Amino acid sequence: MFTVIFLAALVVMVLTKLWLAARQVRHVGQHRNAVPARFADTISLAAHQKAADYTIARTRLSMLEVLGGAAVLIGFTLLGGLHWLNQFWLGVFGPGYAYGVALIASVALIGGLAELPFSLYGQFGIEQRFGFNKMTWRLWLADALKMMVVASALGLPLLLAVLWLMERTGQLWWFWTWLVWMGFNLFLLVVFPTYIAPLFNKFEPLTDESLKQRIEALMRKCGFASKGLFVMDGSKRSAHGNAYFTGFGAAKRIVFFDTLLSRLDGDEIEAVLAHELGHFKRRHILKRIVVTFALSLLFLAVLGWLATQAWFYTGLGVLPNLVADNHALALVLFFLTLPVFTFLLGPISSLSSRKHEFEADEFAAQQTQAGHLVSALVKLYKDNASTLTPDPVYSAFYYSHPPAAQRIDRLMAHA
């Protein structure tokens, strides 16, 4: 019975994703040859058509990724791939932590390799074709090796801790695991800006004194303290521009992509920063952390129950171990299949995120001139080839930021 439920949920997820993507491709294509009236004075037809073509190319690639991901999932579960890996590593190591780590690592490696062609085509195909890719093959390989080392250094101790808790702390192992998981994520928020991010990019203090003074004055006005203002060499990988907050507590810092600073003037940069400060003042980051931790507790509690049910394993094409524990097996099966059953919750998360973006825009309009944020957004839409005419259903389902027209209309109302 669980096999039927799993297959039905998988089919619903795949068909829904393909339907939404097809809507996006069709809607963007239909509006390709006319710039929306409110952008006619600021976005050229050529830039609008580039954004449409870029969006369509990325969306079509996502359709292939959906099909590829579903095939890999079926291969791991109902076609017996995970069962074979489980028996293989049991034969190599026997019961114990080495077996559990090997099983989880091999599944992660195979999944990563299956996603690799799509990632490479996206980076060196689509991004290259539209003039956004600045990454070389050498840099890509260096990044990949660094990510493997960092993931191993951080992930292996966490995985061993979880497997130990599952073995030693009884039926409430999921609660103790949740506490460790919370601590691990808070630890990452503290160490990421200082120790991990610099492994991949250079971060230099902002040297433009006039801009620095304006930003510091805005931060004082908003009651925000940070460890500094930094410029990141994002241009060595991509032509896209961005700015973000990172860190937690005393480790907070503000980071600007060098590509962003090269495109916006001082008023626009200040407005963009005011928007980001709006997330801080409205406690959006804290709210997201709380929701994430609450959901992780719920999911781990569900896993704690599922791990004891034989049908959970057999329904997904795996026979439970008789001579070893099923801790690693349960973890793999749960996190492989969780997206299938939580997919339809995505629009709720997107809606909440868009609400936060509107609130941050409103805050920015109170601290700076709304027109400056509008002009900054228009430049970013143009430079990042963001479509101005997304499909309404697709954007409602996926978009974490409001579509351009909605966002700018709100800002102009505040102005």
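In this report, two groups of residues are said to be in contact when heavy atoms lie within 4.5 Å of each other. The model described here is a predicted one.

**Annotated segments and the nonpolar cores**

According to the unreviewed UniProt entry, the annotation "transmembrane region" covers residues 6-22, 66-85, 97-118, 139-166, 172-192, 289-307 and 327-346. Two of these segments may be set out together.

| Segment | Helix | Strand | Distance between end C-alpha atoms |
|---|---|---|---|
| Residues 66-85 | 80% helix | 0% strand | 24 Å |
| Residues 97-118 | 100% helix | 0% strand | 33 Å |

The largest nonpolar core of the model holds 54 residues, and the members that touch the most others are Leu10, Leu82, Leu103, Phe312 and Leu331. Helix α12 (residues 327-342) supplies the largest share of this core, namely nine residues. The contacts of Leu103 give a local view. Leaving aside residues up to four places away in sequence, Leu103 touches Leu82, Leu85, Asn86, Trp89, Ala328, Leu329 and Val332.

Strands of a sheet pair through backbone hydrogen bonds, in either a parallel or an antiparallel manner. In this model, four strands form an open sheet with mixed pairing, and their order is β1-β2-β4-β3. Strands β1 (203-205) and β3 (243-246) are the edge strands, each pairing on one side only. On average, neighbouring strands of the sheet are turned by 35° against each other, with direction ignored.

Strand β2 takes part in both kinds of pairing. With β1, the strand β2 pairs in the antiparallel sense over three bridges, and Pro205 has Phe230 in β2 as its bridge partner. Between β2 (residues 229-232) and β4 (residues 253-257), the pairing is parallel and runs over four bridges.

Helix α7 (residues 209-222) lies across β2 and β4 and runs at about 125° to β2.

Arg283 is found in the loop between α9 (266-281) and α10 (284-306). With a relative accessible area of 54%, Arg283 counts as exposed, because the term applies to values over 50%.

Ala385, likewise a residue other than glycine, has a positive phi near 55°. Its loop lies between α14 (370-383) and α15 (392-398). Ala385 has a relative accessible area of 2% and is therefore buried, since that term applies to values under 20%.

Technical notes
Residues are numbered from 1 along each chain as its sequence is written. This is a predicted model: local features need pLDDT of at least 70, side-chain atom pairs count only at pLDDT 80 or more; totals for chains, interfaces and linings use all residues. Side-chain values use heavy atoms; hydrogens and water are left out. UniProt positions are given in the numbering used here, feature names are shortened, and annotations may be inferred rather than shown by experiment. Helices (H or I, at least four residues) and strands (E, at least two) are DSSP runs, numbered from the N terminus. A nonpolar core is a set of buried Ala, Val, Leu, Ile, Met, Phe, Trp, Tyr and Cys residues joined through side-chain atoms within 4.5 Å. Buried means under 20% relative accessible area, exposed over 50%, partly exposed in between (1.4 Å probe, protein chains only). Two strands pair if DSSP finds at least two bridges between them. Axes are lines fitted to C-alpha atoms, for helices over the stretch in contact, and angles run from 0 to 180 degrees between N-to-C directions.
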